[in-house]
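I set out to look up a few things in one protein model. These are my notebook entries.

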Amino acid sequence: MLYRLILCFLIFLSYSQVICSSFSNSTKLCPHHQNSALLGLKQSFFIDVSSSSSDDCNSASFPKTDPWKEDTDCCSWDGVTCNSFTGHVIGVDLSCSGLYGSIDSSSSLFLLHHLRRLNLAFNDFNKSSISAKFGQFRRMTHLNLSSSGFSGMIAPEISHLSNLVSLDLSADSELGLETSSFIALAQNLTKLQKLHLGGINISYSTIPRSLLNLSSLTSMDLSSCNLHGRFPDDDLHLPKLKVLKLRRNYHLSGCFPKFNKTNSILSLDLSATDFSGELPSSIGSLSSLESLDLSHCNFSGSIPSREPHQNLLLGSFRKSIYCNNLSNNRLEGVIPSHSTMTFEFPRFLCNQGALLFLDLSNNNIYGELPKWACNIGMETLSVLDLSHNMLTRFETVPWKNMIILDLHSNFLEGPLPSLICEMGFIQLLDFSNNNMSGLIPPCLGNFSKSLSVLDLRMNQLQGTIPETFSKSNVIRNLGFNGNHFEGPLPKSLTNCSKFHGHIRGSNFRFPFPKLRIMDLSRNDFSGSLPKMYLKNFKAMMNVTEDKTKLNYMGEYYYQDRMVVTIKGFEYELRILFTFTTIDLPSNRFQGDIPDSVGSLISLRGLNLSHNNLTGHIPSSLGNLMVLESLDLSSNQLGGEIPAELTSLTFLQVLNLSNNHLTGVIP
């Protein structure tokens, strides 16, 4: 009997080993020689955190190579992306990793022949040259070597990377590019969407015409390149161009560029160049323009006069211009009343003790709010709107009878004023899009029974959200995204029965049945997606739409708004009552995407990008028949793209990039 038991055990053990062996063979691991190449790359550098001290890194700066260990699969390492079929290393992102050392032609980096994406930005490679070996990455689509201490002449072989979609070599004036290499680059890299060469000395070169005919180009930065000659006077054939920066090319001349009528340029910088001539009246037709800098040029003549619904300085563009600089030219004429001249807080207000309503929004008032401003309508002021200015300090709020305080889109710094806790009648409090820091006052959520809008998004606030939302509150819009909040979300948020957006619930059975907008983007929230809550968002399942009228959230004076990402660009929009979206990008959510999302059939937008989500894309997403935007990019999703997505006939934006998807495109 004992003999039979031992025999059965040995047979079972053998069978288990066969199964394990079969399973491990089906899993593609990083090839040994590529594993060794990456370890060799790691060993060629020291870690020096000061090498990545740029503001562009912020909290993203950490030594990604530290956890790289021998006898572990490199496909699981930070900053490494592998092909899910072959296991080949196809992406290396060591940006902001504090690397210090040299990269020469013998570097093991060049043994990674299958690379498609390489990002080494914001390190210090100790004046290494960009060698000819970079030209061997013929499959490369994205290359970023910006601000990493490279120097010398860039090898002409860089122009051999004909599959490049994005090339960023912008530097601090220690790199050079031969004119012949610049021309070859413009002729060969026909798929380019982003070309950033700012700070590279392309001495005495003109801008090749072939570069201005790249129809795919969306962003071009040739600032401080020592360009000469004349910018073409012909119409630009760059229909997708959003950003054009030519600043600090002191010997580059030309007239104001002629953009096609269909162009939607967002940012144009010609400052400190030799551009001249009159500003055309057609500049008012650049309806998408957000940033315009023509300072230190030789433009002359009159400032373009007002045309119907258009004006260069009045800001009747689709989005408000946040930078409009015409200084140091030879322009003349009357500057319209909403010009970009900056000024201090108006002193004539210091004697307005009985003021009820004060709106100075969309000007360029700068600096600290003066102490005497506290005397303006101290007992009477009910509405104060200083949004869209350049205020830096707002340390006190003495107006206890205030109903609306709108300070969004300034440069406010420091903590939130503690005196907001004494504003017992406040209905709307908006500090969004500033640089406020520190913790939220503990009184948040219960200092005013009338509070309906509390918008703190896009600041530098941190810590946890206080557990103080009372059962009697009437908050309908709560904005926390774009900060550094962490920890659990307070259970008392479920007391916000008027919610239309901006938070998720806790341990209640049916949380937030009226929720239509859920925005937790750009924070540090972690864990799995809230499956129980997603399946109970009743308002996202059955939105009735009256097509004869457009009803927006808000009142006569203030309309609720949110930032949505459309085709890679952010837009701030007023919120329709019928609008529904789930926006959770740039967090640390893990696990799979719940099938229950497919039941939210009124959903217009779904953005779960830049998290750590795994598993498959649910086929139930094919039920979201009115979905207009779906972004699942930059996760760890695998498997095939569900064929059911082909039924999303309203879909305008689909981004599934930077995952581990397999199979054919449906």
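**Ground rules.** This is a predicted model, where local features need pLDDT of at least 70, side-chain atom pairs count only at pLDDT 80 or more, and totals for chains, interfaces and linings use all residues. Residues are numbered from 1 along each chain as its sequence is written, and side-chain values use heavy atoms, with hydrogens and water left out.

**Whole protein.** I looked up the secondary structure and found four helices and 44 strands. Both are DSSP runs numbered from the N terminus: helices are H or I with at least four residues, strands are E with at least two. Next I looked up burial. Of the 666 residues, 51% count as buried. Buried means under 20% relative accessible area, exposed means over 50%, and partly exposed lies in between (1.4 Å probe, protein chains only). The protein exposes about 31500 Å², and carbon and sulfur atoms supply 53% of that area. Such areas come from the Shrake-Rupley method with a 1.4 Å probe; for residues, only the protein chains shown count as cover. I then turned to contacts, meaning heavy atoms within 4.5 Å. Among contacts between residues at least 6 apart in sequence, 59% join residues at least 24 apart.

**Helix α2.** I picked residues 32-43, which form α2. This helix has twelve residues and reaches 17 Å from its first C-alpha to its last, close to the 16 Å expected at 1.5 Å a residue. The expected span is 1.5 Å times one less than the number of residues. Which residues of α2 are buried? I found Q34, N35, A37, L38, L39 and L41. The buried residues of α2 pack against β1 (45-47), β2 (80-82) and β3 (89-93).

**Disulfides.** A disulfide is a covalent bond between the sulfur atoms of two cysteines. The search counts a pair of cysteine sulfur atoms within 2.5 Å. How many disulfides does the whole structure hold? I found two.

One joins C30 to C74, with S to S at 2.0 Å. This pair links distant parts of the chain, 44 residues apart: C30 sits in the loop between α1 (2-26) and α2, C74 in the loop between β1 and β2. The link is right-handed, with 90° about the S-S bond. Both C30 and C74 are buried.

A disulfide also joins C75 to C82, with S to S at 2.2 Å. Why is this link left-handed? The torsion about the S-S bond of C75 and C82 is about -100°, so the disulfide is left-handed. C75 counts as partly exposed because its relative accessibility is 22%. C82 is buried, at 8%.
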